[in-house]
Amino acid sequence: MPKLDRREFLKLSAALGATLAWGCTTLHPSKSGWRERRDLYPQGVASGDPDDNSVILWTRRPYEDGRKGAKLLVEVANDPAFTQVVATTAVNVLPESDWTGRVLVGNLPAAHEFWYRFVDEEGNGSRIGRTLTAPNPDDDRPATFAFVSCQCLPEGYNNGYRRMIHEDEKASPEDRLGFVLHLGDFIYEVVQYPDQAKNGRYDRKLTFPIKYPKGKVVAKNRFWVPDSLEDYRVAYKAYLLDPDLQDARARWPFVCIWDNHEISWNGWQSIQEFAGTNGWVAGQRLKVAGNQAWFEFQPARVLPPGSKLDTFPAPKVQDVLLKPSDFDDTGLGTEPNNLAAINSLIIYRALRWGRHIDLLLTDNRSFRSRDPGNHDEINPLFEGDTLGFVPEEVWGPVDAGRAFNGGNPPAKLTMGDKSVDNYVAKAAPQTMLGATQKTWFLDQLRNAKATWKVWGNSLGTLDTRVDPQNLPPEVGTWKGKGYGLASVYDWGSVWHERAEIYDAVRDAGMTGLIIVAGDRHSFWAGYAAKALPPAAFEPVGVSFVGGSMSSVGSAEANEYTQKKENNPTRGLYIAEDKDGKPQATENLMFRHGVRSALEYANSKDLQKALAVRNPELAPHLTFVDNGGHGYATVRCDADRMVTEFVCIPRPIARAPGNDGGPLRYRVRHEVPLWKAGERPQMTQVVVEGDVGLSV
Ligand SMILES: [Fe+2]
């Protein structure tokens, strides 16, 4: 692909509204007089969304002397000593953007390493950052990146980033990471103040409290959440003081999408919902504020309509409570303030990295329809239920609405001796993407030309299927007819829309689909298939979920919530090994079935547990660790893809030293590129450490 010439780049930067720097061919030593003053740039530096000739650079330089704005100089060089400067330009930092500044630097050589820094008019300089440009689209070199998610800083540590930096510094240049893909929950907008968490939460102490200048109390006084733009900004500013996160942003370009916590815990479109609060909370104002703060603190190739990179043109919206009648047939809330809020920043986008990666990024929160499992009408089915699983035969009609069973949905939803009217019999299938984004996404998928098509997705796609029909009666009585689902909120249960996507992949004869996701606070690996046995199991790609960087996972929560007394199902989730150490039998339940989990809980003998596995349960899963934290890496070349889960111990204290601390394990999932019509095949190697009950 030919490089953009200057005129085309000007067009691009105008489209991005960018302050731009134009790389030049004559190199010169720095003349800026830069003296490092990290204290004046407290959130460090960052870079984002590189392509093969440009990258966005970011910093924050606050002033408290009442001035109306300032200009910084950015320098980009071939060397960390800045003796070969390739580009310089001025960058505006303005109070209306909370003193953050972004600049698009273009005309850079592809597949190249650069150093950059900002300097103010007095010569006070930021720390030095390092960034990379993507290889050309026809460049055959292997492509490598890391993916991360879910960093809850007030109650955990970013040891995973420290480990990632350590490993990257040790690696040979050709094995180093090209970028870090952040799949959401970069911040957690839900915080606890010390008086709300006197005893901490699970293994965690509240070590880094965040206080909102305004804020509002939710969930029966259990949490605070933002109530203003400044509140969201405060969260980003606090998180970016963390040295591990800040060093990671200064070492690699980041490619970021949001999940829920960048805006609102149970938010969808511009609506907020909180446990303990009746009904929906109008959130148009806060959706715009959350979008604006994301724009200000994440350097990304996104543009609010009609804006410049300097400032975010926040639309004036009012908080208007949406009614069910405000939604169109696709599930989109057409109330004007809702539309203005959710369209105030579009983050779904595509990036190319060399010959081997087309990266497609989706937004799973701003356009999704109302969660059909979140209607009160379904509740009577679960009265008296002690297991907490959702029967597959109930969920199918709930998810697909009027499209279920070829347009013949059942009139009733039934579970055991209880039934309710099918309240979604006339509704469109639930959508995670919304109509406009889905059209874009399917188009991008069909036209993706790279060897591997990587769907960067905040939410996991692998079914959380369980087989409670195999429970012994003394453990519990299952009211469903067959399999159940342990959770119904992510792509693992958005079956109708997921099938549309997977069918498009199949129908296009596409190979090389890799899905990477976050949010579950656990490591999962397996196959992307729209259905499981006894239906036809026909994977069209491979799918991964990365463990959380620091947030609490279910294995940790189970240690506190699964009481030993009067709890017949405890063995499905947790058991102590011979030394009394907690073991996540939940991993066995998902991979091998309830009998395997219970057998292990009883005998502590993994071989015995595997001898009673249910081979039909989970052909889509090859690995589950609900207790894992850390990050994952992906390496793609012309013939194969290798994903490694790099699992660290529970990050409840900052690891001493510079290596991020020890590993729990490193496990490698390897997938040769399959041919059209073939099935992907994944093999696993435990490279080091102990994966416990995960395989
Ligand atoms: Fe999370």
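Predicted model: local features only at pLDDT ≥ 70, side-chain atom pairs only at ≥ 80, totals over all residues.

The briefing continues with the chain as a whole, then turns to individual residues, helix packing and backbone geometry.

**Overall architecture**

- The protein chain contains 14 helices and 35 strands.
- A compact globule of 695 residues would have a radius of gyration near 26 Å, and the protein chain, with 25 Å, therefore agrees with that expectation.
- Taken along the principal axes, the C-alpha atoms of the protein chain fill a box of roughly 80 × 55 × 55 Å.
- Buried residues make up 54% of the 695 residues in the protein chain.
- Among contacts in the protein chain with a separation of 6 or more, 73% join residues 24 or more positions apart.

- Phe179 belongs to strand 12, which covers residues 179-182.
- Apart from neighbours within four places in sequence, Phe179 is in contact with Pro50, Phe145, Trp252, Pro253, Phe254 and Val255.
- Phe179 and Gly106 are separated by 73 residues in sequence and by 18 Å in space, from C-alpha to C-alpha.
- Ser543 is part of strand 28, made up of residues 541-545.
- Ser543 counts as buried because 29 C-beta neighbours lie inside 10 Å, the cut-off for this class being 20 or more.
- The contacts of Ser543, leaving aside neighbours within four places in sequence, are Thr461, Leu462, Ile515, Gly526, Tyr527 and Ala528.
- Ser543 and Ile378 are 165 residues apart along the chain, and their C-alpha atoms are separated by 30 Å.

- Helix 3 spans residues 229-239 and is mostly covered, with nine of its 11 residues buried.
- Those buried residues are Leu229, Asp231, Tyr232, Arg233, Val234, Ala235, Tyr236, Lys237 and Tyr239.
- The buried residues of helix 3 pack against helix 4 (243-251) and helix 5 (284-297).

**Packing of helix 12 with helix 13**

- Helix 12 (residues 585-592) packs with helix 13 (residues 594-603) at an angle of about 150 degrees, and their axes are 6 Å apart.
- Helix 12 and helix 13 are therefore roughly antiparallel to each other, since angles over 145 degrees fall in that class.
- Helix 12 and helix 13 form a right-handed crossing.
- On the helix 12 side, Thr585, Leu588, Met589 and His592 take part in the contact; they meet Val594, Ser596, Ala597, Tyr600 and Ala601 of helix 13.
- Classified by residue type, this contact of helix 12 with helix 13 comprises six nonpolar, three polar and no charged residues.

**Packing of helix 9 with helix 10**

- The axes of helix 9 (residues 435-447) and helix 10 (residues 495-507) come within 10 Å of each other and cross at roughly 25 degrees.
- That angle makes helix 9 roughly parallel to helix 10, because angles under 35 degrees are classed in this way.
- The crossing of helix 9 with helix 10 is right-handed.
- Leu442, Leu445 and Arg446 of helix 9 meet Ile501, Ala504 and Val505 of helix 10.
- The contact of helix 9 with helix 10 holds five nonpolar residues, no polar residues and one charged residue.

**Backbone geometry in loops**

- The peptide bond from Pro533 to Pro534 is cis, and its omega is near 10 degrees.
- Pro534 lies in the loop between strand 27 (523-528) and strand 28.
- Lys220, a residue other than glycine, has a positive phi near 50 degrees.
- Lys220 occupies the loop between strand 13 (216-218) and strand 14 (223-225).
- Lys220 counts as exposed because it has 10 C-beta neighbours inside 10 Å.
- Lys604, also a residue other than glycine, has a positive phi near 60 degrees.
- Lys604 is located in the loop between helix 13 and helix 14 (606-611).
- With 15 other C-beta atoms within 10 Å, Lys604 is partly exposed.

Note on methods
Residues numbered from 1 in each chain as written. Axes fitted to C-alpha atoms, helices over the stretch in contact; angles between N-to-C directions. Helix = DSSP H or I, 4+ residues; strand = E, 2+ residues; numbered from the N terminus. Parallel < 35°, antiparallel > 145°, perpendicular 65-115°, else oblique. Left-handed = near helix turned anticlockwise from the far one by under 90°. Contact = placed C-beta atoms within 7 Å. Nonpolar A, V, L, I, M, F, W, Y, C, P; charged D, E, K, R; others polar. Rg over C-alpha atoms; globule rule 2.2 N^0.38 Å. Buried ≥ 20, exposed ≤ 12 C-beta atoms within 10 Å, placed from the backbone.
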